[in-house]
Amino acid sequence: MGNETALAERIATVAGNRATAKLEGARASVILDVTGLDVAERDAMEAGVRAAALAAPGVTEVRVAMTSERVGRRLIAVASGKGGVGKSTVAANLAVALARGGRKIGLVDADIYGPSQPTLMGVEGSRPESRDKTMIPVATPYGVPILSMGQLVAPGQAIAWRGPMAASAMGQMIDGDWGAADTLIVDMPPGTGDVQLSMIQKYKPAGAVIVSTPQDLALIDARRAIDLFAKAGVPVIGLVENMAGYACPHCGEVSDPFGAGGVEAAAAELGVRFLGRIPLAMAIRAASDAGTPPAAGNAPEAAAFNDIAGQVEAWLKESR
């Protein structure tokens with residue numbers, strides 16, 4: 001058996017048919033297909049191939065070139081017409097619930113005014129690494145890698161960026177090394193300005209989830225967000241009514257400090273799917289502050305997020 005054949009057999013034990021090898025003197029050149037692998041799997045396979053090649057007869061030097069087919073990813077924008085309606089909490093829990101359902105999810109925190117996903121996802125203080133000028137998402141305890149504006153600046157520092165700079169940073173995150181992720185949840189900045197328009201025009205999300213509280217003022221702005229996506233030809237998957245009803249922890253009576261039913265009524269009027277209500281609950285607030293998204297567990301407050309994720313999953317399957 002020749003040395004090149006022995007080299008190929010050793011590499012096949014690690015990489016199967018993902019690798020091809022050529023032996024030139026004492027140098028082994030390996031082309032490794034890493035399509036669909038995340039960063040950790042890719043690094044482990046490269047290291048294994050390198051070690052296997054060096055153990056082959058006559059090999060003293062190994063060069064590994066990794067190749068990958070571009071994965072066709074779909075973007076789901078989670079948006080709101082104004083800030084303070086709980087959009088980021090919805091985005092984080094939607095991402096976690098979809099991942100628990102088996103979809104390969106990545107989370108982009110593009111909210112330049114309040115990048116809170118590192119806190120919500122339990123990786124506050126993390127910073128992404130880069131490879132070949134491409135950012136590598138940060139792993140989270142919930143199987144959803146993230147890239148966030150908050151990871152690109154010092155903690156507590158205001159992100160005083162003009163539109164083009166913010167749009168460029170958003171693009172770098174969306175174009176990050178997302179590995180096997182086939183769907184990216186994008187936590188959009190609130191409003192309908194230049195940054196939002198640039199993202200929609202360049203990356204054309206597959207669909208948008210609009211978050212609002214029940215009150216009339218929030219709904220006015222939510223309608224603007226719906227109009228922005230409609231004009232750009234981006235389907236609105238549906239509306240989420242957040243902070244809908246508060247159950248008194250002492251007597252159990254439910255009150256509606258922000259009103260009730262406004263988002264469902266608006267959805268019916270606009271001909272848009274109503275995805276569900278999320279209550280104004282202390283448990284959701286506490287879990288979010290602690291970096292443990294309710295959708296990651298089985299407590300009662302996870303139910304609303306799971307129901308919304310189920311509808312989004314159904315939409316994703318229908319719209320293929």
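A salt bridge is a side-chain nitrogen of Lys or Arg within 4 Å of a carboxyl oxygen of Asp or Glu. The exercises below apply to a predicted model.

**Exercise 1.** Find which residue the side chain of Asp187 meets in a salt bridge, and state where the two partners lie.

*Solution.* 
Step 1. The side chain of Asp187 meets that of Lys87, at 2.5 Å from N to O.
Step 2. Asp187 belongs to strand 9 (residues 183–187) and Lys87 to helix 3, so the pair ties together parts that are 100 residues apart in sequence.
Step 3. Asp187 and Lys87 are both buried.

**Exercise 2.** Describe the salt bridge between Arg131 and Asp43 and classify both residues as buried, partly exposed or exposed.

*Solution.* 
Step 1. In this salt bridge, the N to O distance is 2.6 Å.
Step 2. Arg131 sits in strand 6 (residues 129–131) and Asp43 in helix 2 (residues 39–54), so the bridge connects parts that are 88 residues apart in sequence.
Step 3. The partly exposed class lies between the buried limit, under 20% relative accessible area, and the exposed limit, over 50%.
Step 4. Arg131 has 26% relative accessibility and therefore counts as partly exposed. Asp43, at 31%, is also partly exposed.

**Exercise 3.** Locate Arg103 and describe its surroundings.

*Solution.* 
Step 1. Arg103 is found in the loop between helix 3 (87–100) and strand 5 (105–109).
Step 2. Its relative accessibility is 11%, so Arg103 counts as buried.
Step 3. Leaving aside neighbours within four places in sequence, the contacts of Arg103 include Arg74, Leu98 and Leu316.
Step 4. The side chain of Arg103 also makes a polar contact with the side chain of Thr183, at 3.3 Å.
Step 5. A network of salt bridges links Arg103, Asp182, Glu313 and Lys317.

**Exercise 4.** Work out on which side of helix 8 its buried residues lie.

*Solution.* 
Step 1. Helix 8 spans residues 262–270, and Gly262, Val263, Ala266 and Ala267 are buried there.
Step 2. These residues cover an arc of only 135 degrees around the axis, so they are on the same side of helix 8.
Step 3. In general, an α-helix has 3.6 residues a turn, so residues three or four places apart point the same way.
Step 4. The face turned away from the buried side carries the exposed residues Ala268 and Glu269.

**Exercise 5.** Explain why strand 11 is described as largely enclosed, and name the strands it pairs with.

*Solution.* 
Step 1. Strand 10 (residues 207–212) runs parallel to strand 11 and is joined to it by 5 bridges.
Step 2. Strand 14 (residues 274–278) pairs with strand 11 in the parallel sense over 4 bridges.

Terms used
Residues are numbered from 1 along each chain as its sequence is written. This is a predicted model: local features need pLDDT of at least 70, side-chain atom pairs count only at pLDDT 80 or more; totals for chains, interfaces and linings use all residues. Side-chain values use heavy atoms; hydrogens and water are left out. Buried means under 20% relative accessible area, exposed over 50%, partly exposed in between (1.4 Å probe, protein chains only). Helices (H or I, at least four residues) and strands (E, at least two) are DSSP runs, numbered from the N terminus. Two strands pair if DSSP finds at least two bridges between them. The arc is that of the directions from the helix axis to the C-beta atoms. A polar contact is a pair of N or O atoms within 3.5 Å; within protein, one must be able to donate a hydrogen and the other to accept it, and residues adjacent in sequence count only if both atoms are side-chain atoms. Contact means heavy atoms within 4.5 Å.
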